[in-house]
Amino acid sequence: MKRLSLLVAGLLASVLSLRAQNVRDLIVAEVMPTPDSTSLMDGYGRRSGWIELYNTSTGTVNYGGCFLTDDPSNLKKSPIPSWDRATQLGPRQSVIFYASGNGAEGTYYAGFTLRPGATVYLVSNDGRTVVDSLHVPADMPAGKSVMKKPVDIREKIFEVVAEPSIPSPAMVNKDTDSETKGQIMARKDPHGFILSVVSVSVVFSALALLWFFFATLFSPRKPKEKAAKPAKADGEVAAAIAMALDMEQDGDTYAAIAMAIHLYLNDSVHDAESFVLTIRPKESAWNDKSLNFRKLPR
C-alpha cells in the first residue's frame, strides 16, 4: 500500500511538473488598463481593461489552475479555474482576460481592476512561481495599451514597446509605427503602375521561357547536308592515274578504270542517284566495233 501511494504521488508530481513546463511558454503579451469609447466590450456589454496572454510555443498549453494578480505580495489573487476545459491555449494563440474586478463572472474575468502604474503578473499553478509580468506606465492614456512585440520570426523573444500602442486584442502584436509591405507598396505606387508592369513582365518572361523550352526539345531536326563533291579532275589527273596503273600492270582494264574515274569526277556519264555509277553509251574509240575485229595475218 505504501509503494502504491508513492507511485501515485510520483505520477502526480510528474504531471504537475509537465504542466508547469508548458505554462512557462506563456507570456503577458498586452495590457490595456483604461478603456475609452472604442475599447473592447466583454460578454456583459461593458468596456473594461483587459489582459492578453500569448502562447509562444508550438504546442497546446493548459493554463488552468494558474493565477493572475497585480499584487506581488498576493500571487493567488485571481485564480484561473482548473476545471474548465476551455483553458487550453493552442500554439501561437492568445486569450483575453477582462479585469472587471469580479472573478466569479466567468473563466475569463480577473478579480481585480487595472490602473496605470501597476504590474500584471502571471503565476504558475504552484502559486509561487512568476511566469511572466508586464508593467503599465503611470502616464498611459485611456484607450492605449502596453504590449510586447516579437523580435524574431519564431516569436520566441519579445520586447516591450516603449510608447503607448493602439490595442490589438487576440492578435500577434507588432510595432504600430512600422508600415507593412502592403502599406509601403500603396504609398510608393498609389495607381498600381509598378505592380502592373512587374506582373506583365513576369507573365511574358514565363511565356518566353516556355517557348524556348518547347522549341528546343520538340522542334524537328534538320536533315544533314550532303558532303560537298570533290573538285573536278582534269585530263592530266586521269592520264597520271592511267600511267601509274599501266606501270604496275599492263592491260587495258586499268586504263578503262582511269577513264571511268575521270568521267565520273567530271559529271559527264552518271546520273543523280547516290552510290550508283551509270555509264551511258557514247560514241568513242572505246566502243567502235570496227576496231574490235580480230586481225588475221595476210
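## Ser 48 and its surroundings

Setting aside neighbours within four places in sequence, Ser 48 is in contact (heavy atoms within 4.5 Å) with Met 32, Pro 35, Leu 40, Asp 42, Tyr 98 and Ala 99. Ser 48 is placed in the loop between strand 1 and strand 2, where helices (H or I, at least four residues) and strands (E, at least two) are DSSP runs numbered from the N terminus. With a relative accessibility of 12%, Ser 48 counts as buried, the classes being buried under 20% relative accessible area, exposed over 50% and partly exposed in between, with a 1.4 Å probe and protein chains only.

The model is a predicted one, in which local features need pLDDT of at least 70 and side-chain atom pairs count only at pLDDT 80 or more, whereas totals for chains, interfaces and linings use all residues. Residues are numbered from 1 along each chain as its sequence is written, and side-chain values use heavy atoms, with hydrogens and water left out.

## The chain as a whole

The protein chain contains 5 helices and 11 strands, and 28% of its 298 residues count as buried. Among contacts between residues at least 6 apart in sequence, 58% join residues at least 24 apart. The accessible surface, computed by the Shrake-Rupley method with a 1.4 Å probe and, for residues, with only the protein chains shown counted as cover, comes to about 20,700 Å², of which 61% belongs to carbon and sulfur atoms.

An open sheet is formed by 5 strands in the order 7-2-1-10-11, with antiparallel pairing; two strands are taken to pair if DSSP finds at least two bridges between them. Its edge strands, each pairing on one side only, are strand 7 (94–98) and strand 11 (158–160). Neighbouring strands of this sheet are turned by 30° against each other on average, direction ignored, with axes fitted as lines to C-alpha atoms (for helices over the stretch in contact) and angles running from 0 to 180 degrees between N-to-C directions.

Strand 1 (residues 26–32) and strand 10 (residues 146–150) run antiparallel and are joined by 2 bridges, and Val 31 stands opposite Val 146 in strand 10. Strand 10 also pairs with strand 11 in the antiparallel sense, over 3 bridges, and here Lys 149 stands opposite Glu 159 in strand 11. Because 4 of its 5 residues are buried, strand 10 is largely enclosed by the rest of the structure.

## Nonpolar cores

A nonpolar core is a set of buried Ala, Val, Leu, Ile, Met, Phe, Trp, Tyr and Cys residues joined through side-chain atoms within 4.5 Å. The largest such core has 25 residues, of which Val 28, Val 31, Ile 51, Leu 53, Tyr 63, Phe 97 and Leu 122 touch the most other members. At least two residues of this core are supplied by each of strand 1, strand 2 (50–55), strand 7, strand 8 (119–123) and strand 9 (130–135), and the largest share, 3 residues, comes from strand 1.

Leaving aside neighbours within four places in sequence, Phe 97 is in contact with Gly 49, Trp 50, Ile 51, Leu 53, Tyr 63, Leu 68, Ile 80, Thr 107, Tyr 108 and Tyr 109.

## Salt bridges between loops

With a salt bridge defined as a side-chain nitrogen of Lys or Arg within 4 Å of a carboxyl oxygen of Asp or Glu, the count comes to 6 salt bridges. Arg 46 forms one of them with Asp 42, the closest N and O atoms being 3.1 Å apart; Arg 46 is partly exposed, with a relative accessible area of 32%, whereas Asp 42 counts as buried at 7% relative accessibility. Glu 105 also forms a salt bridge with Arg 46, the closest N and O atoms being 2.6 Å apart. Since Glu 105 lies in the loop between strand 7 and strand 8 and Arg 46 in the loop between strand 1 and strand 2, this pair ties together parts that are 59 residues apart in sequence.

The side chains of Asp 70 and Arg 115 meet in a salt bridge at 3.2 Å, N to O. Asp 70 lies in the loop between strand 4 (67–69) and strand 5 (78–79) and Arg 115 in the loop between strand 7 and strand 8, so the pair ties together parts that are 45 residues apart in sequence. Asp 70 counts as buried at 9% relative accessibility, whereas Arg 115 is partly exposed, with a relative accessible area of 46%. Through salt bridges that share partners, Asp 42, Arg 46 and Glu 105 are joined into one network.
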